[in-house]
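Welcome! Let's take a friendly walk through a protein model, starting with its inside and then turning to its ligand.

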Amino acid sequence: MKKSVTQVWENCLAIIKDNVNEQSFKTWFSPITAVKLDGSVLTIQVPSQFFYEWLEEHYISLLKKTIRKELGAEGRLEYNIVMDNVLSSKQPYTVRIPGSSSNGTKNEPVAMPVDLNSSTIKNPFIIPGLRKMNVDSQLNINYTFENFIEGECNRLARSAGFAVSNKPGGTSFNPLLIYGGVGLGKTHLAHAIGIQVKNNHPEKTVLYVSSEKFTQQFIDSIKNNSSNDFVHFYQMMDVLIIDDVQYFAGKERTQDVFFHIFNHLHQTGKQLILTSDKAPVEIQGMEQRLLSRFKWGLSADLQVPELETRIGILHKKLYADGIELPKDVVEYLAYSITSNVRELEGALISLLAQSSLNKKAITIDLAKLMIDKFVKNTAREVSIDYIQKVVCDYFELPIELLKSKTRKREVVQARQIAMYFAKTMTKSSLANIGMHCGGKDHATVLHACRTVNNLMDTDKRFKAYITELDKKISIQ
Ligand code: ADP
Ligand code: MG
């Protein structure tokens, strides 16, 4: 029986869903639509060139496997890329990639369209008294890319930001909207992009401004009858960074003037970088025409950093301040403070302050005492990382082994136990647990849970291990 294009793609999605975490699935697979099935060639439509490149770079092997599973060894995948840009015609174009590497077909990419931003309109404004060189960018020199630790939590936003800083206005991420909860590094990253643009292109005019300040300046300009100057000033920027745009919510006139500035800059190939504490769809009280413009480029979120990144951030901070801390103290901090980076830094500062006030050395005990006060009110959810650490300490295994793919017997069992606790003590999905434990799939995690349950029923000593570990993990 011949399968329909939707049917085939739905089957593919089901497989993909089990192999990537929820966030990645939402970001990279939900927006795809399947458009055509021609024999064994499936055509999918993706929203942008960047999107296509990201899929290719990160998911190509999964896509290949999935397509072959669904369409057989001859299965191939083609992309339609919608150029999501005002200046472009809305014609999708196709890029071919071989769905199978073994059948010898040639990879024939269709020529990319010419740079869409090349047809820029020259700035028609001549502004007396305002010399470009005189604009102070308002950038915080400490918030560099160098100081911004990379992790899974920020990879997309960081790499898109980096791309933008190399070619401001010349990528499809315009605007680049960085969103995420408080203290996750939006402001830092926004400055980092600005600083990097200045390093790469000293002639460009860059301006960082908070939405609050922008709003205040606008109100003042109305009072002083100088709102034209206000608009002209902002329209002069090559790169405009506006922090916390959610603050514009409910401020109609500010939104209105921002809309005009936005359009002007975008049409003339200038770069906009925006941050928000919410995803565009969740910002209430924002005009539709603005929201839809936010979606023209790329919206990239910042997630809560994973353990390695938190440790990295602490080390960077200590190094910058020339302070040394015992390794176990740093790790304990990173294990315990999981909410956001600002809190993590706050905890570190309190700890340093405590120790210098009381003239006590910073030991793990002092850290525990302090942290327990610090996070007393926030119910701590056990994390997969923490479970892995306790299990590894218990069996005296290096954590890297547990996270590796090794099938050594003692590692396999410890890994299964960690999976079991992760399943029973956290809200993580099977796929996510698998990903943290040596890149296994959900079926492996399920199998591990069954094995542990069986062993507990049949092996008293094993059962005793589990009870003891359970206690250790619960009273973290
Ligand atoms: P937001 O604007 O999202 O509320 P900030 O950019 O102000 O957050 O970040 C809060 C603090 O955390 C800052 O001191 C920042 O330098 C630090 N920070 C956040 N993410 C990182 C990271 N990935 N690497 C290093 N420091 C970070
Ligand atoms: Mg901020």
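## The main core

The largest nonpolar core holds 51 residues, and those with the most contacts inside it are Leu351, Ile387, Val391, Ile417, Phe421 and Ile466. Here, a nonpolar core is a set of buried Ala, Val, Leu, Ile, Met, Phe, Trp, Tyr and Cys residues joined through side-chain atoms within 4.5 Å, and buried means under 20% relative accessible area with a 1.4 Å probe, counting protein chains only. Helix 16 (residues 409–425) gives this core its largest share, 8 residues. At least three residues come from each of domain 3 (307–374) and domain 4 (384–473).

Ile466 touches Ile417, Tyr420, Phe421, Val452 and Met456 (heavy atoms within 4.5 Å), leaving aside residues up to four places away in sequence. A second, separate core has 48 residues, including Val46, Leu55, Tyr59 and Leu77.

## Around the ligand

Ligand 1 is surrounded by 17 residues, each with a heavy atom within 4 Å of it. The closest are Gly183, Thr187, His188, Arg342 and Glu345. Helix 5 (186–200) and helix 12 (341–358) each supply at least two residues of this shell.

An oxygen atom of ligand 1 is 2.8 Å from a side-chain N or O atom of Thr187, and a backbone N or O atom of Gly185 lies 3.0 Å from a ligand oxygen atom. Taken alone, ligand 1 exposes 570 Å² (Shrake-Rupley method, 1.4 Å probe), and the protein buries 90% of that.

## About the model

This is a predicted model: local features need pLDDT of at least 70, side-chain atom pairs count only at pLDDT 80 or more, and totals for chains, interfaces and linings use all residues. Residues are numbered from 1 along each chain as its sequence is written, chains are lettered from A and ligands numbered from 1 in the order written, and side-chain values use heavy atoms, leaving out hydrogens and water.

Definitions and conventions:
Buried means under 20% relative accessible area, exposed over 50%, partly exposed in between (1.4 Å probe, protein chains only). Helices (H or I, at least four residues) and strands (E, at least two) are DSSP runs, numbered from the N terminus. Domain bounds come from an automatic or database domain assignment. A polar contact is a pair of N or O atoms within 3.5 Å; within protein, one must be able to donate a hydrogen and the other to accept it, and residues adjacent in sequence count only if both atoms are side-chain atoms.
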